Amino acid sequence: MKIHEYQAKAILAKFGVPVPRGEVVFKKDEARAAAERLGTPVVVVKAQIHAGGRGKAGGVKLARSAAEAASLADQMLGMRLVTAQTGPEGRIVKRLLIEEGLDIKRELYLSLLVDRAAAAPVFMASAAGGMEIEEVARERPEAILREAIHPDTGFQPYHARKLAFGLGLSPELVNASVSFLQSLYRVFIETDASLLEINPCVVTGDGRLVALDAKVNFDDNALFRHPEYQELRDLDEESALEVEASKYRLNYIKLDGTVGCMVNGAGLAMATMDIIKLSGGSPANFLDVGGDASEERVKNAFRILLSDPNVKTVFINVFGGILRCDMLASGIVSAARELKIKVPVVVRMEGTNVQRGQEILRDSGLNFTVASGMKDGAEKAVALARGAR
């Protein structure tokens, strides 16, 4: 689950991480009042959307008076902000962060994430702050420091000093950075975050480390432990279909292809998308119905899939274990009849009760294409999608 910058900064502040003073606003007049309360010569007006690259797209601007802050807020609220991360459709700006301007001496990059290869949290840092880390990794990979943290021992002062020296911080800032970096690690672990990114973290003219920007993503599977963070969810920033899918415990992500995918298991879902691409097509979504999917959940999955007008065919690729093939087939037939499905449906099933499942599909009187294998299913789905176009 993603949250806004101002929400992330509020969490950081609770853990003792220095952040600029600021207020979230939703109206022009609120922006003027917030700028007046901050009382600094310069304030920053920042669009709040769930995407990076806001500065380059005109979503971060400086104001040198409360009146100018109000004018900028009037321009930015309601605008469609298009960045490299939003896609061409962009996002509508509905809230702004009005923040004090700082005297910036240096910009650094800091982040924490779980590295599956290392099987541990990894602290990443770079002196190239303010830039997109993907660009730095591509052009100057040596500029990125990585420090794997053993989960049992945690982030130790020597880890922090090693990163600080690698960033070229002055001796007096090295000591200050230990507390700063340890606080970031506490945020990451104690909130069950999947990503914590500070870009940039700045060194101010008076020698302080401050998190000038903040991005925090939570692990959805751990949200049951943090009901207070679930309240931070902004449904306006999520795809309507993804929000609808979450109501039925469906793992759904909308993509831009034409082959709708219904799969049980995240690994099989990834492999299904890969083989669709290999067959010359493009997946319209990632959809994992789960290993314990009921007939009702399969029906809702179908409904959500078909709500995407780009879907020209549906490829169902299931390995029957806990989710038996006969139960899946009953759900498919029931959904096809109730929803009056008009797009072609290709089904590949293997596993528990597969023969009974195939009989249910054949005896339904509906026009399903039963595939003999995963590759066969993907090729048929792609060919049918092309024919539908």
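The chain exposes about 18,300 Å², and carbon and sulfur atoms supply 51% of that surface. Accessible areas here come from the Shrake-Rupley method with a 1.4 Å probe, and for residues only the protein chains shown count as cover. Before we go further, please keep in mind that this is a predicted model, in which local features need pLDDT of at least 70 and side-chain atom pairs count only at pLDDT 80 or more, while totals for chains, interfaces and linings use all residues. Residues are numbered from 1 along each chain as its sequence is written, and side-chain values use heavy atoms, with hydrogens and water left out.

Let us begin with the whole chain. Along the principal axes, its C-alpha atoms fill a box of roughly 75 × 50 × 40 Å. The secondary structure comes to 13 helices and 18 strands; these are DSSP runs numbered from the N terminus, with helices being H or I of at least four residues and strands being E of at least two. Of the 389 residues, 49% count as buried, where buried means under 20% relative accessible area, exposed over 50%, and partly exposed in between (1.4 Å probe, protein chains only). Among contacts between residues at least 6 apart in sequence, 68% join residues at least 24 apart; a contact means heavy atoms within 4.5 Å. As for charge, the chain has 49 positive and 50 negative side chains, and the centres of the two sets lie 3 Å apart. In that count, Lys and Arg are positive and Asp and Glu negative, while His and the chain ends are not counted. The place of each charge is taken as NZ of Lys, CZ of Arg, CG of Asp or CD of Glu.

Now turn to strand 6, residues 96–100. Five of its five residues are buried, so the strand is largely enclosed by the rest of the structure. Both of its faces are covered: Leu96, Ile98 and Glu100 are buried on one side, and Leu97 and Glu99 are buried on the other. Strand 6 has pairing partners, too, and two strands are said to pair if DSSP finds at least two bridges between them. Strand 1 (residues 22–25) pairs with strand 6 in the antiparallel sense over four bridges, and Leu97 in strand 6 is the bridge partner of Val24. Strand 2 (residues 43–47) also runs antiparallel to strand 6, joined to it by five bridges. There, Val43 stands opposite Glu100.

Strand 16 (residues 313–320) pairs with strand 17 in the parallel sense over seven bridges, with Ile316 opposite Val347. Strand 18 (residues 368–370) pairs with strand 17 in the parallel sense as well, over three bridges, and here Val346 faces Thr369. Strand 17, helix 12 (residues 354–363) and strand 18 make a right-handed β-α-β unit. Right-handed means that, with the strands pointing away from the viewer, the path from the first strand over the helix to the second runs clockwise.

Within helix 12 you will find Gly357, which counts as buried because its relative accessibility is 0%. Leaving aside neighbours within four places in sequence, Gly357 is in contact with Cys325, Asp326, Ala329 and Met349. One of these residues, Ala329, sits in helix 11 and also counts as buried, at 0% relative accessibility. Not counting residues up to four places away in sequence, Ala329 touches Gly357, Ile360 and Leu361. For a sense of distance, the C-alpha atoms of Gly357 and His226, 131 residues apart along the chain, are separated by 40 Å.

Finally, a few backbone details are worth a look. Lys340 lies in the loop between helix 11 (325–339) and strand 17; its phi is near 55°, a positive value in a residue other than glycine. Lys340 is exposed, with a relative accessible area of 61%. Ala119, in the loop between strand 7 (104–115) and strand 8 (120–126), has a positive phi near 55° and is exposed, at 60% relative accessible area. In strand 10 (residues 193–204) you will find Pro200, and the peptide bond from Asn199 to Pro200 is cis, with omega near 10°.
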